[in-house]
Amino acid sequence: MAARDVYNTPVTGGTTAVSAPGLIPYVNSQKQLHGLLGGLKAASGYEALINRVGSATVKMDAQSIAHLLILLLILTGNIKAFRARRRSAE
Amino acid sequence: MLPNLFTKLITDFKGNIILLIPATLGIMMLLRIIPKTQWLSRFPIAIMIGTSAGINMLRYTKSDMLSQISATMINPFNAASTSAVIGNILLIVGTICGVYYFYFSKKQEGISAVPSKLGIWFLMISFGASFGYTVMARVSLLIGRLEFLLKDWLHIIK
C-alpha cells in the first residue's frame with residue numbers, strides 16, 4: 001500500500017482468489033484500494049461489465065458446477081455426521 | 001553485478017562512485033566464509049535489517065494501522081443505501097468484537113463474554129470466506145490446467 005499511503009497514488013487491481021481475502025480490508029472508506037477484482041468470479045463479472053465474453057466467462061461455467069458440487073458434498077458430509085452423532089447418542 | 005556495478009563503474013567511475021559502498025558491503029557479506037573475518041559480515045546484515053525496518057515502519061504504520069483504524073471509525077448511518085448502512089454497522093461491530101476476543105486481561109464471563117462470542121462468529125465467518133476463496137482459486141487453477149490439456153494439447157474439446 002506504499003503507492004497509495006506514502007505517495008498518494010490511487011491504486012486498484014486484480015488478484016488471484018487466494019490473495020483476495022488479505023487485500024479486501026484495504027477496499028475501505030480511506031480508499032487504500034479503489035476496488036479489487038478477486039479471482040475468476042470477479043474477472044467474469046468484469047468481463048460482463050465491459051460486454052466481453054472472455055476466458056473468465058467461459059471458465060465460470062465449470063467453476064460454478066465445481067462450487068455446486070462442493071456445496072453438495074459439504075451438505076452430504078454434514079447430514080451423515082449429524083446422523084452418525086444421533087445414532088451414537090441413541 | 002555486471003550491468004549494475006562493473007559496467008557502470010567502468011563507463012563512468014566518478015558518476016557512480018557511490019556504488020562502491022554497496023560493493024564493499026557485498027564483499028563484507030562474503031567474508032562470512034572465512035572464519036577469521038566472519039565478524040565483518042555482521043555490519044552489512046545490520047545495515048540491511050535496519051534499512052528494511054526503517055523503510056517499512058512508516059508504510060506499515062500508515063497502511064496497516066492508522067488507515068485501517070480510520071476506515072473503521074466512520075459514521076455508519078452516513079451511507080447512500082440501507083445495505084451500505086448495514087455493512088458499516090457490521091464492520092464496526094465485527095472489528096470491535098473481533099479485537100475484544102483477544103482481550104485476555106479480564107476473565108470473559110457473563111455479559112462481557114457476549115462480544116467475545118460474537119467476535120468468534122465474525123472470525124469464523126472470515127476464516128470461512130478465506131477458505132472459500134482458496135478453494136475457488138484451486139478450482140480455477142484446475143480448470144485452467146484441464147483446459148490446456150484437453151483443448152490446447154489434445155484438442156479433445158474446442
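1. Which side chains of chain A and chain B meet in a salt bridge? In this predicted model, the side chain of A:Lys59 meets that of B:Glu147, with a distance of 3.5 Å from N to O. The pair falls inside the cut-off of 4 Å between a Lys or Arg side-chain nitrogen and an Asp or Glu carboxyl oxygen, and is therefore counted as a salt bridge. Side chains of opposite charge can pair when their charged atoms come close.

2. The position of this pair in the fold deserves mention. The salt bridge between A:Lys59 and B:Glu147 joins two chains, because A:Lys59 belongs to helix α4 of chain A and B:Glu147 to helix α5 (residues 113-153) of chain B. Between chain A and chain B the count is 1 salt bridge, while the structure over all chains holds 4 salt bridges.

3. The interface can be described by its extent. On chain A, 25 residues are in contact with 21 residues of chain B. Together the two chains bury about 1900 Å² between them, and carbon and sulfur atoms account for 66% of that area. Polar contacts between chain A and chain B, with both residues at pLDDT 80 or more, number 6 residue pairs.

4. The side of chain A that touches chain B draws on several helices: α1 (2-5), α2 (20-23), α3 (39-49) and α4 (55-89) each supply at least two of its residues. Helix α4(A) provides the largest share, with 6 residues. By class, this side of chain A consists of 14 nonpolar, 8 polar and 3 charged residues.

5. Along the principal axes, the C-alpha atoms of chain A fill a box of roughly 65 × 35 × 15 Å.

6. Chain B has 5 helices and 0 strands, so that its elements read α-α-α-α-α from the N terminus on. For chain B the radius of gyration is 27 Å, well over the 15 Å that the globule rule gives for 158 residues, and chain B is therefore more spread out than a compact globule. The C-alpha trace of chain B spans about 70 × 60 × 40 Å along its principal axes.

7. A division into domains is also assigned for chain B. Domain 1 covers residues 1-73 and domain 2 covers residues 79-158. The C-alpha centres of domain 1 and domain 2 of chain B lie 37 Å apart.

8. In summary, chain A and chain B bury about 1900 Å² between them, with A:Lys59 and B:Glu147 forming a salt bridge. The side of chain A that touches chain B takes its largest share of residues from α4(A).

Terms used
Residues numbered from 1 in each chain as written. Chains lettered and ligands numbered in written order. Heavy atoms only, no water. Contact = heavy atoms within 4.5 Å. Buried area = accessible area lost by both parts, 1.4 Å probe. Polar contact = N/O pair within 3.5 Å; in protein donor to acceptor, adjacent residues only side chain to side chain. Helix = DSSP H or I, 4+ residues; strand = E, 2+ residues; numbered from the N terminus. Nonpolar A, V, L, I, M, F, W, Y, C, P; charged D, E, K, R; others polar. Domains from an automatic or database assignment. Rg over C-alpha atoms; globule rule 2.2 N^0.38 Å.
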